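Subject: Handover of a structure for your review

Dear colleague,

Please find below the structure that I am passing on to you. I would be grateful if you could read the notes that follow with the structure open beside them.

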Amino acid sequence: MLADRTAVLEVTLDQLRQRWGTQIITRACERAPAPTISSGFPDLDRLLDGGFPVGQISLLAGAGTCGAGTLACQIAAHAQADRRPAIWLDGQSTFDAAHAEQYAVSLNELVLIQPVDLAHALALARDLADLLPGGLTVLTLPPLASGDLQYTAQELRRMANPLARANGTLLICGERQRGLSEAAGLALQLARGRWLARSGVVCGYETTVTVHKGRGNSPGRSVTFEIVYPEAL
Amino acid sequence: MIGCLVIPYFAASVTRLARPELARTPLIFARETTPGAQVRAVSKEAYHQGVRPGQTLKAARGLCPTAEVLPLENSRWRAAHERLLDLLWQFSDRVEPDPDSAGAIAAAYYLDFGTLCQADTLKLCHQLQAEVQGELGLEGRIGLAGTKFAAQVAALTSRESVRAVAVRMERDFLASLPVRLLALDAEQSHRLVLLGIHTLGQLAALPRSAMLAQLGSNGPLLHDLASGIDSRPLVSKRQSWQVTALHEFEPPVDDRHILRATLEYLAGQLVEHLKADHLATRSVRLTLSLADGRTLADLRHPRQPVATAEALQKQLVALFKKQMVDERVSTIEICLGSLEPVMARQLSLFGEEEVQDAAAKAVEALQARHTGLAVYKVAAAAEATILPERRYRLEKIGAA
C-alpha cells in the first residue's frame, strides 16, 4: 500500500519535472537549508543553526562592552565574504573603523551612513530593506526613551516583509531588548562575563549570548564564548 | 533495499585503534573526571557491568571499579566518522548517519541501495563489511530490509556479519522480537509492561487508533514500526566536500614554535590534496585538543578561495593566534570545507565590483529620497600615527 503510494507520487513528481523543469517541485526534506550569515563564532553558529538568518531582522541587545559591536563587525565581515553588500547605519555615532578592520571588515566595500536621529535611522533602514537586495544593514540604535520603543517596534514590523522579499538582513544593535524582540525574527541578549587576562594584561572578555526569540531556537538557550582583542594576539 | 551498518561501541573501538593497550580494559568516556560528571560513551566490558551513557561517573565507577575513565576524544571520533562516511559513499550515493545513535553505544548508518536485487545487495554488503574491517579496523554488522527500522533491528540482533530480511516480510521478522528495540521512554516501557505487551508482534496486533491514547503522540509511529511499516525517509547527508588533517602530539606540547611549524606542515599536506583535485577552500576550521580535555575550535571564511600553502598558512596562523592556548596541546586538527573548483578569474571583473555596485545603487537611491544624507566611505589617513582611530578618515561620497 505504502509502496504503491510512493510509486504514484514518484510518477507524478517526474511528470511535473518533465513539464515544468526540475526545480518546479521539491520534497520538503530535500529543501536547501535557509541561508544564514556566520557570526564567526562556531558555538554561536551552532546555537543558531548555522548563523544569523537571511531575510529577517536580528536584534543584538546588551549594555556597553557586551560584545554586540564586535559581533556586528564579524557578521558584516562574513556577509562581505559571502559577497553581500553591507551598509552601516551609525545611529550611535560610535563606528570605529580600526576596530572594524581588525575584525576583517573590508572598509573599501563598507558604506557608512550617519543618521540625524532615531526616526531618520529607522526611515533609512526601511528604505534599505527594499533597496539593498541580498545585503546586510547594520543599525546601531541610539539609547531609546520609553516613548520611542513602541514607535521603533512598529517601524521594525513594517520592515519585515520587504526584507523577506528582498532577501536582505537587518542587524540591530541596541541596549534594550524588551519591547523590540517581538518585532525581530531573532532576538539575542548579550551579557559580558569575566575579563580575560594574559600576563596580567586584559586581552578580552567572555560574553554570554542568550536567545530570547528565534524560529527553531528554543528561547533561553545560551552560549558563552571568548572575545579576544585582536591587538592582544 | 535499505542497509543499516551498525558499529557497536563505536567510541571505544576507535579509541582502541589508537591505543591497543586498552583492548581488554573497560572504558568509560566523560567530559570531566569529577564524580558528578556524566558518562558519554562506554566500551562493551563496561556496558556489561551495567554502565550506561547518562549515568554519573560516581555511579559508573561503583558498577565497574576496574574501568579506565578517559576524556572525550571528539576530534578522533569525528575523523573516524568522516573516514567511514567516505567509505560508505563508495557503495551508495544516499547515506544517512543515524543521529540518535551518535556512537555513545553503537553508531548506525543507513544506505539506500535503490532497486538493486537482493543477491547483488547482499554481495555488496559483504564487501562493505570486509572493507570497514580491513581499511578502518572497525567491526560492523549490516542489516538489510525494505525499511530503515527493520534493517537496523536486523543489524542489531544478528550474530552474522550481514543479515537480510526479505522485502515485505518485515512484519513477520519483527513479530517475535522484544519491544525494547523501539526507542521507548520510561513511561512508554512501563505502560507496555502493564498492558502485558512484550514483543513487537503483540504491539502490532493492537488497533493503531489506541496507540495515541496509550503511548502518546508518537504511539502511531511506534505501532507502524512494529508492524513493519516505516515511512521515515532516508535523509541523505550530502557528501561534504571537505579535507581534514590531524596531528597528535605524544606527549602534548606547549612550544608555540613547534605548534606553528606543525600547522605549516599540515597546511602543506592539505594544499597537496587540494592541488591534486584542482580545488580551493572557502572555509578553514582549526581545532586544538588540549591536554586537560578541553577543545578550542574556530572557523574562518577567507574572502578569496584559498588554494596555496602560503594563503592557507596565513589563515591558520590567524586562527591559532586567536585561541587562548593556556595548556599543552595534544591534537591539532584542520578541516577545509566549502571546497570548490579552482577557476581562472580576471581580477575585479566580477565579485567586489558587483557588491560595490549594489551598495552604490542603494546609496544613490537613498540620497535621492533623503536630501543632505551623510554617507561616508572609510579611507586611510595620509599621515602615519600610532593612535589606531586616527589611521582612518571618513570621506563623504555621492551627492551631498
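At what angle do H4(B) and helix H5 (residues 118-136) of chain B pack, and how far apart are their axes? The angle is about 145°, and the axes lie 11 Å apart. Please bear in mind that this model is predicted, and that the values in this message were computed from it.

**The helix pair in chain B**

The crossing of H4(B) and H5(B) is right-handed. On the side of H4(B), the contact is formed by B:Arg83, B:Leu84, B:Leu87 and B:Leu88. H5(B) contributes B:Leu128, B:Glu131, B:Val132, B:Glu135 and B:Leu136.

In sequence, B:Glu82 is 161 residues away from B:Val243, yet their C-alpha atoms are 9.7 Å apart in space.

B:Lys148 is located in helix H6 of chain B, residues 148-157. This lysine counts as buried because its relative accessibility is 6%. Setting aside neighbours within four places in sequence, the contacts of B:Lys148 are B:Ile2, B:Glu96, B:Tyr110, B:Asp230, B:Arg232, B:Pro233 and B:Leu234.

**The helix pair in chain A**

In chain A, helix H5 (residues 118-131) packs with helix H6 (residues 146-166) at an angle of about 15°, and their axes are 8 Å apart. H5(A) is therefore roughly parallel to H6(A), since angles under 35 degrees count as such. Their crossing is left-handed.

From H5(A), the residues that take part are A:Leu118, A:Ala119, A:Leu122, A:Ala125, A:Arg126, A:Ala129 and A:Asp130. Those they meet in H6(A) include A:Tyr151, A:Leu156, A:Met159, A:Pro162 and A:Arg165. The residues of this contact divide into eleven nonpolar, one polar and six charged.

A:Arg165, in helix H6 of chain A, deserves a separate word. With a relative accessible area of 65%, A:Arg165 is exposed, because the cut-off for that class is over 50%. A:Gly134 stands 31 residues from A:Arg165 along the chain, and the two C-alpha atoms are separated by 9.6 Å.

**The chains as a whole**

Chain A contains six helices and ten strands. It has 233 residues, of which 52% count as buried. Where contacts in chain A join residues at least 6 apart in sequence, 68% of them link residues at least 24 apart. The accessible surface of chain A amounts to about 10,700 Å², and carbon and sulfur atoms account for 50% of that area.

Chain B holds 14 helices and 16 strands. Of its 400 residues, 44% count as buried. Among its contacts with a separation of 6 or more, 61% are between residues 24 or more positions apart.

With kind regards

Terms used:
Residues are numbered from 1 along each chain as its sequence is written. Chains are lettered from A and ligands numbered from 1 in the order in which they are written. This is a predicted model: local features need pLDDT of at least 70, side-chain atom pairs count only at pLDDT 80 or more; totals for chains, interfaces and linings use all residues. Side-chain values use heavy atoms; hydrogens and water are left out. Axes are lines fitted to C-alpha atoms, for helices over the stretch in contact, and angles run from 0 to 180 degrees between N-to-C directions. Helices (H or I, at least four residues) and strands (E, at least two) are DSSP runs, numbered from the N terminus. Angles under 35 degrees count as roughly parallel, over 145 as roughly antiparallel, 65 to 115 as roughly perpendicular and the rest as oblique. A crossing is left-handed if the near helix is turned anticlockwise from the far one by less than a right angle, and right-handed if clockwise. Contact means heavy atoms within 4.5 Å. Ala, Val, Leu, Ile, Met, Phe, Trp, Tyr, Cys and Pro count as nonpolar, Asp, Glu, Lys and Arg as charged, and the others, Gly among them, as polar. Buried means under 20% relative accessible area, exposed over 50%, partly exposed in between (1.4 Å probe, protein chains only). Accessible areas come from the Shrake-Rupley method with a 1.4 Å probe; for residues, only the protein chains shown count as cover.
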